[in-house]
Amino acid sequence: MQLTGKHVVVTGGAGGIGEALCEAFAAAGAARIVVADLDGEGTERVAKAVGGVAAPLNVRDPEALTAMVERAESDGGPIDLFCSNAGIGIHGGPEVDDDGWQAIWEVNLMSHVWLARVLVPRMLARGGGYLLNTASAAGLLAQIGSAPYSVTKHAAVAFAEWLAITYGAKGLKVSILCPQAVRTAMTAGTEDGGVAGVDGMMEPDEVARSVVQGLADERLWILPHPEVEAYVRRRAEDPDRWIAGMQRLQARYEGG
Ligand SMILES: NC(=O)c1ccc[n+]([C@@H]2O[C@H](COP(=O)([O-])OP(=O)(O)OC[C@H]3O[C@@H](n4cnc5c(N)ncnc54)[C@H](O)[C@@H]3O)[C@@H](O)[C@H]2O)c1
């Protein structure tokens, strides 16, 4: 997909990777960019910077998501590209309480499902459309230190792939963004990206450049950190060896 003249929505657009996506899409000639985020002030700031539209939104609220899509399309015409990019992280494992699991489940996965429920039928009715869903390298591999993040990002990859399989022949295009560590609020306080930063910390604008290229190439997986492809291959070729390697990384992480 080329972005020139396109109507685009970016959730989580008020900061980090989402903000960089809005900037890169504007530079690539997108005609209308809707900046959707929980952070209302941030949506105004980014929308102003990219000549877009601010849309305060909690992606955990399916009715609000539906209303935002309806509003964007009635004001600006069909959405060509919807980026479900809002995401959160929570440290821990089974001890994370149910409210924590529910929150990350809704933001990292269910918002993608609710968005697809309203927008995919509209896109199919007009012959197609494009979804970019932000998962993570953790969605293809694992996140040391966070079961909820690993699980919800795997689920996000699975859901996006299912959409591509099911509706690809009907014109739906899907890309899944899977970076390792990126310098944003999410990784703030870990100068080196923490354990996800073993291959270095990437700047959000580099990720956004990789997304613009990935969309142009219509790639299913957009992997800004090229190492991820080799890790995925190694995991598939020899899961026992991969787990042993991850256990060594876990030991390093526990050792600080
Ligand atoms: N930073 C990284 O290292 C990294 C690596 C891989 C994947 N990711 C993913 O990239 C995406 C963007 O993360 P980021 O690093 O830019 O983090 P960030 O915290 O800088 O930005 C996330 C944005 O999402 C918004 N948001 C959170 N909950 C929301 C909700 N309920 N409704 C609407 N907006 C909400 C926040 O207000 C924020 O502006 C996330 O899905 C994240 O999981 C990040």
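In this predicted model, helix 1 and helix 6 cross in a right-handed manner. Helix 1 spans residues 16–27 and helix 6 spans residues 204–217, and their axes come within 8 Å of each other. The angle of this crossing is roughly 55 degrees. Angles from 65 to 115 degrees would count as roughly perpendicular and those under 35 degrees as roughly parallel, so helix 1 and helix 6 are oblique to each other. On the side of helix 1, the contact involves G16, I17, E19, A20, L21, E23 and A24. These residues meet P204, D205, V207, A208, R209, V211 and V212 of helix 6. By residue type, the contact of helix 1 with helix 6 divides into 9 nonpolar, 1 polar and 4 charged residues.

The crossing in which helix 3 passes helix 4 is right-handed. Helix 3 contributes P62, L65, T66 and V69 to the contact, while helix 4 contributes S111, W114, L115, V118 and L119. Which kinds of residue make up the contact of helix 3 with helix 4? There are 7 nonpolar and 2 polar residues, with no charged residue among them.

Note on methods. Residues are numbered from 1 along each chain as its sequence is written. This is a predicted model: local features need pLDDT of at least 70, side-chain atom pairs count only at pLDDT 80 or more; totals for chains, interfaces and linings use all residues. A crossing is left-handed if the near helix is turned anticlockwise from the far one by less than a right angle, and right-handed if clockwise. Helices (H or I, at least four residues) and strands (E, at least two) are DSSP runs, numbered from the N terminus. Two residues are in contact if their C-beta atoms, placed from the backbone, lie within 7 Å. Ala, Val, Leu, Ile, Met, Phe, Trp, Tyr, Cys and Pro count as nonpolar, Asp, Glu, Lys and Arg as charged, and the others, Gly among them, as polar. Axes are lines fitted to C-alpha atoms, for helices over the stretch in contact, and angles run from 0 to 180 degrees between N-to-C directions. Angles under 35 degrees count as roughly parallel, over 145 as roughly antiparallel, 65 to 115 as roughly perpendicular and the rest as oblique.
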